[in-house]
Amino acid sequence: FFFFKQKTAYEIPKRDWSSDVCSSDLIFFEGPGVFRAEQAAFTTCGPGNDAWFIRSKDLQIYQERGIGVARDATVEFKDTPVFYSPYFSFPLKNERKSGFLSPRYGSSTAGGVEIAAPYYWAMAPNYDMLLTPRVLSKRGVQLQSHFRYLEPSFRGDFFYEVLPDDRVSDRTRQAVAWKHTQDLGWGWSGRVDLNKVSDDKYFTDLSTKVAVTSLTNLTREASVSRAGGWGDTGTYAVGALVQGWQTLQTDPLAPLTPPYSRRPQITFGARNPDLLGTDFDMQSSYVDFDHPTLTKGRRLMAYPSVSVPVHTAAYSFVPKIGVHATQYTLDARAGNPTDATRVLPIASALGSATLERDTQVFGNGYTQTLEPKAYYVYVPFRDQRRLPNFDSGLQDINFATIFTENQFSGNDRINDANQLTLGASSRLINPANGFEVIRGALAQRYYFRSQEVTLPGVPVRNNQSSRSDLLAALGGSVTRDITTDIGWQYNTDTRQTQRTNISTRYNPQQGKLINVSYRQSEASSFRQFDTSFQWPIARGWGAVGRWNYSMREKRMLEGLAGMEYDGGCFVFRVVAHRLSTTTTASNSSVFVELQLNGLTRAGSNTLDLLKRNVGGYSRRDPYAGRGNDYAVPEE
């Protein structure tokens with residue numbers, strides 16, 4: 001490095017821009033870390049690839065400040081000017097900088113042609129804001145804002161967007177969201193999560209993300225909590241929560257009942273794995289449930305339990321006993337008692353073993369495991385028909401819930417049980433690298449008494465049946481390039497399949513991918529076929545797509561088709577997307593994106609859409625690591 005106190009010009013012979021990353025007619029060294037170039041050109045494309053350039057009559061570099069300034073600058077793509085600015089500055093390091101980000105373009109049937117011009121404001125090292133005017137040709141101009149803040153004791157995000165005088169609905173539409181976490185000191189922490197929109201169809205009309213358009217209940221809650229130690233090995237946690245909801249009635253053919261509000265909920269939990277030679281656990285809560293139309297009341301619950309686990313290298317045995325006590329104080333209603341109490345002893349025992357052996361498959365050596373498991377539960381019957389149901393639901397039977405003591409979620413219903421669950425799993429493991437080649441599992445529950453406790457409106461289990469559905473799963477690598485997972489739920493009494501999940505992935509190399517899956521459920525009355533792919537079709541060109549089809553409804557739930565071109569120092573994508581927002585309505589969108597390596601992204605952000613729809617999608621990311629990236633959290 002050479003530094004000159006006085007301005008000095010150093011002539012550089014002209015060279016072919018296609019063979020240099022940066023070139024200039026003249027470079028001036030104007031001081032320590034200050035450089036100026038005249039008639040400069042810059043690109044991140046490699047030698048021989050002149051896909052794009054920034055050409056500037058005057059380019060200044062300030063190393064100590066970490067910024068560059070270009071005057072009378074033009075961005076050329078394929079020898080065609082695509083952007084001009086008399087002045088713009090850019091960061092030299094991986095640091096934030098205020099300024100306009102690349103505009104976004106797109107179109108949808110709900111909003112029409114869309115153009116957005118985000119402005120990033122680096123207010124301070126620990127504060128920043130993103131302001132985005134968004135023009136929707138059918139509806140008007142929407143202003144989106146996202147403010148982020150970070151302090152030693154608190155942090156958060158604040159979102160606000162407004163669309164004045166929507167030309168379609170003829171009203172002002174807006175949304176607000178605030179997420180905040182706070183260190184309150186002395187081991188206490190606090191959290192706030194508030195969300196509100198102006199109308200039920202705000203997301204289905206103004207968003208193209210399935211994770212957003214499918215929202216039906218928006219959270220409004222604030223909580224405080226504290227966790228700490230108890231003795232040498234014990235821990236405890238205490239918390240308080242106030243929670244409400246905004247329920248969005250997006251589909252008139254499928255009205256929703258709002259969930260209960262909790263005003264407040266107080267919880268206390270403690271566990272000590274070595275209390276007088278036992279594993280002690282305590283769960284308790286007090287909740288005040290509120291609802292505009294349903295029964296209101298307060299519930300006090302405590303569930304202490306003690307287990308005596310025995311573990312060895314080959315097997316484990318965990319007997320457990322506890323008492324689940326619940327007291328209700330209900331608002332007076334005609335024909336209903338105002339107080340109720342339920343006390344239930346619960347006993348269980350879990351035993352499992354892990355067996356291994358060496359085996360040969362097609363001449364290759366593997367380690368095969370056999371892992372049987374048995375789980376017994378006893379809960380006596382208590383009549384719970386007159387108890388309210390604030391938060392209980394019937395748990396779906398699967399490999400996680402079949403080994404639990406209560407088939408209901410929540411605390412308002414505790415099943416009567418005298419049952420044994422038997423299961424076993426087996427794995428084939430490559431001993432050289434520990435890679436799991438294949439795995440399989442079976443499980444079924446056996447009942448020794450008829451069911452009596454159920455939820456309002458839900459029939460009891462068929463008392464002629466002494467066993468649950470049989471669960472089976474199989475998955476692993478069929479070949480080096482093909483993986484598959486199969487789940488099967490079978491009713492052994494009626495000899496009918498209740499649920500099937502089959503998924504297969506063919507992935508011979510990065511960028512080559514085919515996913516195929518089939519899902520069927522008799523209980524939920526759906527059958528869906530889903531396929532997606534990413535595949536190269538010519539040099540630099542690739543195709544992506546997805547088709548999610550409901551066989552029962554005979555309609556496409558979500559579809560995507562797109563093309564992408566990787567030019568090494570730039571990537572171009574065009575994607576069409578269609579999403580069913582309700583049982584009778586759909587929204588179609590078209591996204592176009594151009595990424596210039598190390599410089600900017602123009603158009604819509606298609607990557608989130610592709611990663612969400614095409615499982616395992618991989619892409620070249622020329623925009624990764626840029627200092628002025630503004631990574632907005634998922635909506």
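1. The model is predicted: local features need pLDDT of at least 70, side-chain atom pairs count only at pLDDT 80 or more, and totals for chains, interfaces and linings use all residues. Residues are numbered from 1 along each chain as its sequence is written, and side-chain values use heavy atoms, with hydrogens and water left out.

2. Q444 lies in strand β30, residues 436-447 (strands are DSSP runs of E, at least two residues, numbered from the N terminus). Q444 is buried, its relative accessible area being 7% (buried means under 20%, with a 1.4 Å probe and protein chains only).

3. The side chain of Q444 reaches the backbone oxygen of S468 at 2.9 Å. Q444 also has a side-chain to side-chain polar contact of 3.4 Å with T492 (a pair of N or O atoms within 3.5 Å, where within protein one must be able to donate a hydrogen and the other to accept it, and residues adjacent in sequence count only if both atoms are side-chain atoms).

4. Not counting residues up to four places away in sequence, Q444 touches residues including I402, L420, L422, R467 and L470 (contact means heavy atoms within 4.5 Å).

5. The largest nonpolar core has 16 residues (buried Ala, Val, Leu, Ile, Met, Phe, Trp, Tyr and Cys residues joined through side-chain atoms within 4.5 Å). Strands β4, β5, β6 and β39 each give two or more residues to this core, and β6 gives the most, with four.

6. F570 is among the residues with the most contacts inside that core. Leaving aside neighbours within four places in sequence, F570 is in contact with A51, W52, F77 and L596, among others.

7. A second, separate core has 14 residues, including L344, I402, F403 and I414.

Definitions and conventions:
Buried means under 20% relative accessible area, exposed over 50%, partly exposed in between (1.4 Å probe, protein chains only).
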